[in-house]
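Please find below a colleague's note on the structure under review. The points are numbered so that each may be taken up separately.

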Amino acid sequence: MFNNGFQLTKFFISSFYSKPKQPMLKVVLIIAFFYLFLQLMTINIAIFYLGDTKEFIFYNYLISNLLVYLLVIYFSISLVFHYYEYGILTHLPIAPRKIIISKILSIIFVLTVVSAVIQIPSILLLGFKTKFTELIKLVLLVPISNILTILLILFILSLINSFRHYFVNKTAYLVVNITITFLITAMVCYSVLHYVGKHLTFNNLKLDFTTLITLKNSLSNVINQIYELVLKTPFIGNVLTTFTSGDFSYLFVIDLLGMIGLSALLFILIVKINSIHYFKNGTIEVNQSSSKKTKVYHVESVWANYFQRELWVINTEAYFKMQLVLGTVLSPILTLILLFSFQAGWISEIINITKPGYFEIYFAYAVLIMSCINNTSGTPFSREGKYYYLINSLPLNKKKIYFSKVFLASIPSGIAVIVSFIIFMLFGYMNMGAFLMMIIILMLVYCYNLLTPVFDMLNPSTEWENPSVAVKSNPNVLVSLLFGLPILVVVILTHFILLWAGFSIGVSTITIFLITVLITFCVYTWFTKLYFSIK
């Protein structure tokens, strides 16, 4: 029985990652993971030398659980609460309870392993400093706190999943899932910022870049101030003191057992909630997936017909539609949070970037990054899946196929940019310079969407069962950034170089506008000619 459960867990673990067939993609994926590991290791080493041991352990807990929190939100929606296995397992003599347990164990295993690998430098540093008590505490508490974080998120999403059969379609269900997880994140961020703003003077957090010594001292001060503030938080401060102290106490054992007990209770509740509605929710999802309806309109325009085909591809999976929705709303929502933060004085007092003229530029490029971060245009050919053969077998114009995909990706990005600037205007910041920056951002978004699908066009990943494999878990997403990001980086750097060189805001913005127009025209012309030479 145990062996059967282990095999089923292995089955779900294998669903987290599909090994790419192309050697180049394997190399890119390894580099990407190594880069993430290197970044986190650099942060840990910096905190180790800038703060004391207690602060080091605290930030390790914080970074580890934050990473797990972000990963579990993605994997839970795309894998744990996605019934891709339903058609395979439903006719086998396997109880829904075992399936749910295996799903939960698989996500716990994968995420705790990722977190454990990232903790290796921290363990070595504590061992080097002969802080063996703190090292043992770190080894015990990080996986237990990670598991508790995972189960808390899964429990909240399980409550939503229990009402899955009441949703009209899967898209509505995904929207509610992502909205609730975002609201939870926003509430946590707001609570933290509000508490910090109420109890901490931001003047103490300013960085001094005069010399390396003053910078080091100011960074150490920031690390210490935040840690001391958390220590003063009711209940959390007491628990943190127990976890970061250099000795073992009965309170540490009680806290540890409390976390294990709460995790066990959440695990039982999650299994119970999801097992009850497994067959009902699985059947509903399969029925909705097998009865997709897309309206088709008879139009005279050839381009409109090609665009209708792209809409048809998007409508084949609710996950694809959700990606477009997310690309449309992400930038406006983050814009609201950003501008509210400035209005409340939470950010502007730390970094003075609200100076008239400059703020419009900073804001515009922030919107550009937020609009491109979803990378809807990175995998349009992989999304075709089993329908990809139609592109080659039917007498279709490949140029029109490509540009219709670019156009479809640019619509949500363009709406996101325009809505973000409308919100910017409602906060009283809009002027002629900001309007010009909006036009620049729209052109850059188009250039980005024009170039990012190139690699996916040449190497599409179409053999997938779970739609998340075609989008977020697709290594082509990482490679596509190499095609789209360079232009954005060059334009942004050029703009700031002009400002640092002493050019006025108006002259530098008009110059960047002309450069962007030239780049857009050249990229379009160059790509149009190059497209027909691709075999």
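The note begins with the chain as a whole and then turns to helix packing, the cysteines and one phenylalanine.

1. Overall composition. The model is a predicted one. The protein chain contains 22 helices and 0 strands. Of its 535 residues, 47% count as buried. Among contacts in the protein chain with a separation of 6 or more, 81% are accounted for by residues 24 or more positions apart.

2. Helices H5 and H7. Two packed helices are described by the angle between their axes and the distance between the axes. For helix H5 (residues 96–118) and helix H7 (residues 132–161), the angle is about 140° and the axes are 10 Å apart. That angle makes H5 oblique to H7, and H5 passes H7 in a right-handed crossing. On the H5 side the contact is formed by Ile104, Ile107, Ile108, Leu111, Thr112 and Ser115. H7 contributes Val142, Pro143, Asn146, Ile147, Ile150, Leu151 and Leu154. By class, the residues of this contact of H5 with H7 are 10 nonpolar, 3 polar and no charged.

3. Helices H6 and H7. H7 also packs with helix H6 (residues 120–128), their axes coming within 8 Å and crossing at roughly 160°. H6 and H7 are therefore roughly antiparallel to each other, and their crossing is left-handed. Ser122, Ile123, Leu126 and Gly127 of H6 make the contact with Phe132, Glu134, Leu135, Leu138 and Val139 of H7. The contact of H6 with H7 comprises 6 nonpolar, 2 polar and 1 charged residues.

4. Helices H17 and H18. From H17, the contact involves Tyr402, Phe403, Val406, Ala409, Ser410, Ser413, Gly414, Val417, Ile418, Phe421 and Phe424. These meet Ala434, Met437, Met438, Ile441, Leu442, Val445, Tyr446, Asn449, Leu450 and Leu451 in H18. The contact of H17 with H18 divides into 17 nonpolar, 4 polar and no charged residues.

5. Cysteines. How many disulfides does the count give? With a disulfide taken as a pair of cysteine sulfur atoms within 2.5 Å, the count comes to 0 disulfides. Cys447 is in no disulfide, and the nearest cysteine sulfur, that of Cys522, lies 9.6 Å away. Cys447 counts as buried because its relative accessibility is 1%, under the 20% limit for that class. Cys522 is likewise in no disulfide, the nearest cysteine sulfur being that of Cys447, 9.6 Å away. At 40% relative accessibility, Cys522 counts as partly exposed.

6. Phe483. Is Phe483 buried, partly exposed or exposed? Phe483 is placed in helix H21 (residues 476–500), and its relative accessibility of 32% makes it count as partly exposed. Leaving aside residues up to four places away in sequence, Phe483 touches Leu451, Thr452, Val454 and Phe455. One of these, Val454, is 29 residues from Phe483 in sequence and 7.6 Å from it in space, C-alpha to C-alpha. Leu451 is also among the residues of H18 that meet H17.

Key: Residues are numbered from 1 along each chain as its sequence is written. This is a predicted model: local features need pLDDT of at least 70, side-chain atom pairs count only at pLDDT 80 or more; totals for chains, interfaces and linings use all residues. Side-chain values use heavy atoms; hydrogens and water are left out. Axes are lines fitted to C-alpha atoms, for helices over the stretch in contact, and angles run from 0 to 180 degrees between N-to-C directions. Helices (H or I, at least four residues) and strands (E, at least two) are DSSP runs, numbered from the N terminus. Angles under 35 degrees count as roughly parallel, over 145 as roughly antiparallel, 65 to 115 as roughly perpendicular and the rest as oblique. A crossing is left-handed if the near helix is turned anticlockwise from the far one by less than a right angle, and right-handed if clockwise. Contact means heavy atoms within 4.5 Å. Ala, Val, Leu, Ile, Met, Phe, Trp, Tyr, Cys and Pro count as nonpolar, Asp, Glu, Lys and Arg as charged, and the others, Gly among them, as polar. Buried means under 20% relative accessible area, exposed over 50%, partly exposed in between (1.4 Å probe, protein chains only).
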